[in-house]
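Dear colleague,

Please find below the structure that I am handing over to you. My notes on it follow, and I would be grateful if you could read them alongside the coordinates.

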Amino acid sequence: EYPSTRVPIAQSAEYLHSMIESLTDVSKISFVVHSMGGLVVRRYLQEHSDPRIHRMVMLGTPNSGAELADMLKRNMLFRAVYGPAGQELVTDPDGTIGTLPIPVFEFGVIAGGKGDEQGFNPLLPGDDDGTVTIRSARLSGAADFLRIPKLHSLLMSDANAIAATKCFLEHGRFSMTQEPQPIMKESATCR
């Protein structure tokens, strides 16, 4: 319930910090994040840590920025709807996203895409979920990667994504019948 469209990502990260600090009776914390939520956790990690953090699953997170934000950043409607954080979603390697740390705890990445070079959105380069490219969703250091043929806004409710998320939170991998697909540093460069 953080006001993601009204405040910068850093302020959302401070809301997250407050929430985590309030969990005094919790011994293990895992995150399941969609889109900008993954960036909020990564921004939180820039200034905070908590030994209780166990794992994270990122669904459709633009880990290298969103090409759509590059295209729309000057559009008044985009600015009104997505606010200050929307301006931070650009792919600039020296911008907000380019400075975010990679989590030191175990994490996996689920991205939407058709599995081809066109994706759902013809305006975006390569495969995409209609909003975020597969290339941007990938983040080096991920213990596992999974592409699901769904649009960005449908990833959270997809039965396969839910099952894979549960498996990752329990076992550190998206499937017990398929080998994990970790994202190595040299193959995850998106800039």
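**Findings in the predicted model**

At 12% relative accessibility, aspartate 50 counts as buried. Please bear in mind that the model discussed here is a predicted one.

**Salt bridges**

Five salt bridges are present in the structure. Aspartate 50 takes part in one of them, with arginine 52 as its partner, and the closest N and O atoms lie 2.8 Å apart. Is arginine 52 buried or exposed? Its relative accessible area is 18%, so arginine 52 falls under the 20% limit and is buried.

Another salt bridge joins lysine 150 to aspartate 158, with 3.8 Å between the closest N and O atoms. Here lysine 150 is partly exposed, at 30% relative accessibility, whereas aspartate 158 is buried, at 8%.

Lysine 114 and aspartate 116 also form a salt bridge through their side chains, at 4.0 Å from N to O. Lysine 114 has a relative accessible area of 42% and is partly exposed; aspartate 116 is likewise partly exposed, at 26%.

In soluble globular proteins, nonpolar side chains tend to be buried together. The largest nonpolar core of this model contains 35 residues, of which Phe31, Val41, Met56 and Val109 touch the most other members. At least two residues of this core come from each of the helices α1 (9–22), α2 (36–47), α4 (76–88) and α5 (134–137), and from each of the strands β1 (29–34), β2 (53–59) and β3 (106–112). Which element gives the most to this core? That element is α2, which supplies six residues.

With a relative accessibility of 0%, valine 57 counts as buried.

**The loop between β3 and α5**

Two residues of this loop deserve a separate note. Threonine 133 is found in the loop between β3 and α5 and is buried, with a relative accessible area of 1%. Which residues is threonine 133 in contact with, leaving aside its neighbours within four places in sequence? They are Glu67, Leu124, Pro125, Asp127 and Asp128.

Leucine 123 is found in the loop between β3 and α5 as well. Its relative accessibility of 60% lies over the 50% limit, so leucine 123 counts as exposed. Together with Met71 and Leu72, Leu123 forms a nonpolar patch on the surface, and the accessible area of these residues together is about 280 Å².

With kind regards

Technical notes
Residues numbered from 1 in each chain as written. Predicted model: local features only at pLDDT ≥ 70, side-chain atom pairs only at ≥ 80, totals over all residues. Heavy atoms only, no water. Buried < 20%, exposed > 50% of the residue type's maximum accessible area, 1.4 Å probe, protein only. Core = buried A, V, L, I, M, F, W, Y, C linked by side-chain atoms within 4.5 Å. Helix = DSSP H or I, 4+ residues; strand = E, 2+ residues; numbered from the N terminus. Contact = heavy atoms within 4.5 Å. Patch = residues over 30% accessible without salt bridge, like charges linked within 9 Å, V, L, I, M, F, W, Y side chains within 5 Å. Areas by Shrake-Rupley, 256 points an atom, 1.4 Å probe, with all protein chains shown as cover.
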